[in-house]
Amino acid sequence: ASMEATASDSGAALSSPPNPLLLRLRDILSSCAKSVECGDSYQTESLVSELAKFLGDVSVAAEDQNTQEDAFELLSHVYEHISSSSIDQELLDALSFELPKAVSKFAGVSRRFLTIADSIIHQLLVKCNPRDMLPILCEALDSSSEGEKIKLSGYFAPLLSGLSEVLLMIKRHHFEQTKEVVPAILRVWEKVSTESDEEDLDLEDLFRRGINIANSMQTVHQKLDSGSAEKLLALLGLYVLQMMTHVSICLDENVSSSLRLVTEFSHFLRCCRLSYIGLMTGSAVDMMTSTVTGEEDSFWVPLPSIKLGAALSVIWGDISNEVAHNAEGDLTALKNEIRRSQTRRWQAIGMLRHVFCSATLPWRLKKHAIDFLLCITEGDISQECESETVDFSSFVPSHFAALQGIENVIMYTSDAVLRKKAFDVLKRVLADIPISQRFEVLKALITNCNSSSMVAIFLDIARQVGHPKTSSKLSNGNVDEVFHETPVWSADVLELVELVLRPSRGGPPSLPEQSDAVLSALNLYRFVLLSESTGKTNYTGVLSETNLKKAYDEWLLPLRTLVTGILAENRNEDDPFSSDSISSLNPVELVLYRCIELVEERLKHHS
C-alpha cells in the first residue's frame, strides 16, 4: 500500500496540476461573462470588484520570487482573455474600470511584469472608448493604493504610458480633456517624491514616460486650429515647467540623470516659444496661466512649482550649454538685459525666491542660483536703467521672501564659500532697493528673524547703508563702496536699535541667547552717536535730549542691570555653560559701558 501511495504521488507530481490561482481567475472571468449575458449589472460590478481584489492579493504575494511564475501566468491569461476577438464588448467595458489599476500593482515586481501591464492597458485602450478610458486612468493615478506595499514608480509607469497613448486617440475637445488630465499626472511626482526607497533608474524611466506625455501633447497641438492650439501649447508649457521642478527635486543626488531629463524637457520650451527672459521675469508664466485658466479654475494660479520650474529652467541652462542650446536660450544676452533694467532685475529676484525658499531643492541648484544672482547684480547699468521710474511697492512681498530665502542659505548651508556668496548677494539685493523703503525691509527682516547671529548681520548692513546718490555704484558690483559712503541717516536707524534693545514684548532682550544681536545693536547705536557728534549733525535725532534720555533710561540702564546680574551669577560657576555665557557677554558689557559714557557726556551738554 505504501508503494502504491508513493507511485500515486509521483504520478501526481509528473502530471503538474494546473495553477490553482489560474483556475480561480478563469472561474471569476467566466462568472463575469455570464452575468453580462444575463444583463445583471449589479452582479457584474460585484464580480469585477472581486476580480480586482483577487489580483491585488496576488500582486502582494508576487514580491516573493517563489510565486512570481504563477502570478505572471495569471497576467498573461488576462492579456489573452481581453485580446480575444470573441470577447463581449460589454464585458470588456466592465473589466476596463478595474483592470488598469489592478494590473499596475504588478508593474513594480520586475521588467517583464511592467511589460505585460503595459500590454494589457494598451489592449484596453485599443478596444474601449478612449474618452471613457481617460477618466479611468486618471482615477487609477489618484487612488495609488494607499496602505498597500507596492512600488509607486512601478505602479504609475503603465498608467502614464496609457495616458500618453490615449491623448493621441481622442477625437474632440483635446484641450479640455488634456486640461483635466494634467493635474492628476503632476500629482504622481508629489507622491513619488515622498517614497525614500525609489531607485533612480526607476524614477528616470518614470520621467521618460512623463516626457512621452509632453510629446503626445505636442503632437495633438499640431493638429488643432489656432485657438485651441494656443491653449494646448500654454498648457504644455505649464506642464513642462512643473516637470522641471519635479526632476530637480526627485533626482537631486543623480546629477547625470537629472541633466539628461532636463535637456530633453528643455526642447519643449522652444516648442512653446518660451524665452529665457520671459521665464526669468515671470511674464511667460503669467501669459500661459491666463491663457489656460478659466474664471472658476483655481488649480494653476497658486502653484509655486510653476514659477520654481521657470526659474530652474534658466538655472539649468546656465549650468549646461546643451540645455541652453535645446531651449535656444542665450544666457549672455539674458544677463545683460536683466542688468540693464532695474525692473527686470527686481522681477528676476522675485522668481529666484522660489529657488531659495524651497525646502526640498538640492543645495547645488541653490548655489547656481546664488551665482546667477551675483552675475545680474554686477556690471554697468545703462542710462535707460537709471531713467526708470518704477514703484517698488509692488515688489516688496517678493523681495522680502527672496531675502528670507537667501537668509536661510546663509544660516543652513555647510559650504563656507556658498555662505560668503549668499552674504554678498544679500547686501546687493538690499542695496538695489530704493533707500526710502530699504529700512522698512530691514525692519521686517529683523522682526521676523529668530536667529541672533542673523539679526546682527542685518544690523551691520543697516550701519553700512549710505547716501542715496551712491546707489548707482552698485552698477559696478562694488557693494562695499555703496555701503561705506558717508551715511545720511534717518530716524529709522534708532527704530532698528530699539527692536533689539527693547523688544516689542517689553523689558530688556533675552541674554545670553541674543548676545550677537545685542552687541550689533549697541555697536550700531554707538556708531550713529559718534558719527552725528563728530559731523555736528542730527539726522537721526539721536542727539536730542528726549532721545538720549529714552536710550539711557529704557535701553541702556535696564540692559546694564541684566548683564551685570548674569555675569555675577556665572563668574563663580565652573560649568561650561557659565563659561560660554561670560565669553558672549564680555564684549556686550564693554560696548554697553562705552555707550552709557557717551550718552552721559551728551546729556551734560543739555544740562
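What share of the 607 residues of the chain count as buried? The figure is 51%. The model is predicted.

## Overall fold

The secondary structure is helical: the chain has 30 helices and 0 strands. Among contacts with a separation of 6 or more, 75% join residues 24 or more positions apart.

There are 0 disulfides in the structure. Cysteine 38 has 67% relative accessibility, over the 50% limit, so it counts as exposed. Cysteine 375 has 16%, under the 20% limit, so it counts as buried.

## The nonpolar core

The largest nonpolar core has 197 residues. Tyr239, Met280, Leu352, Phe372, Leu522 and Tyr525 touch the most other members. Helix H12, residues 226-250, supplies the largest share of this core, with 15 residues. In soluble globular proteins, nonpolar side chains tend to be buried together.

Leaving out residues up to four places away in sequence, tyrosine 525 touches Leu494, Val497, Val542, Leu548, Ala551, Trp555, Leu556, Cys595 and Val599.

H12 has 25 residues. The distance from its first C-alpha to its last is 36 Å, close to the 36 Å expected at 1.5 Å a residue. Of those 25 residues, 20 are buried, so H12 is largely enclosed by the rest of the structure.

Helix H25 covers residues 452-464, 13 residues in total. At 1.5 Å a residue, H25 should span 18 Å. Its end C-alpha atoms lie 19 Å apart, which agrees. The buried residues of H25 are Ser452, Met454, Val455, Ala456, Phe458, Leu459, Ile461, Ala462 and Gln464. An α-helix has 3.6 residues a turn, so residues three or four places apart point the same way.

## Aromatic pairs

The structure holds 9 aromatic pairs. One of them joins phenylalanine 106 and phenylalanine 113. Their ring centres are 6.2 Å apart and their planes meet at 5°. Planes under 30 degrees apart count as stacked, so this pair is stacked. Phenylalanine 106 is buried, at 0% relative accessibility. Phenylalanine 113 is buried too, with a relative accessible area of 0%.

Tryptophan 346 and phenylalanine 395 form a tilted pair, with 5.3 Å between centres and 55° between planes. Why does this pair tie together parts that are 49 residues apart in sequence? Tryptophan 346 lies in helix H19 (residues 342-357), while phenylalanine 395 lies in the loop between helix H21 (383-386) and helix H22 (396-412). Both partners are buried: tryptophan 346 has a relative accessible area of 1%, and phenylalanine 395 has 12%.

Ring pairs also build a cluster. Its members are Phe72, Phe106 and Phe113.

## Charges over rings

Which ring does the charged end of lysine 366 sit over? The ring is that of tryptophan 363, with the charged end 5.0 Å from its centre.

Arginine 463 takes a place over the face of phenylalanine 527. The distance to the ring centre is 5.2 Å.

Technical notes:
Residues are numbered from 1 along each chain as its sequence is written. This is a predicted model: local features need pLDDT of at least 70, side-chain atom pairs count only at pLDDT 80 or more; totals for chains, interfaces and linings use all residues. Side-chain values use heavy atoms; hydrogens and water are left out. Helices (H or I, at least four residues) and strands (E, at least two) are DSSP runs, numbered from the N terminus. The expected span of a helix is 1.5 Å times one less than its number of residues. Buried means under 20% relative accessible area, exposed over 50%, partly exposed in between (1.4 Å probe, protein chains only). A nonpolar core is a set of buried Ala, Val, Leu, Ile, Met, Phe, Trp, Tyr and Cys residues joined through side-chain atoms within 4.5 Å. Contact means heavy atoms within 4.5 Å. Rings of Phe, Tyr and Trp (its six-membered ring) pair if their centres lie within 6.5 Å; planes under 30 degrees apart count as stacked, over 60 as edge-to-face and the rest as tilted. A charge sits over a ring if NZ of Lys or CZ of Arg is within 6 Å of the ring centre and within 35 degrees of the ring normal. A disulfide is a pair of cysteine sulfur atoms within 2.5 Å.
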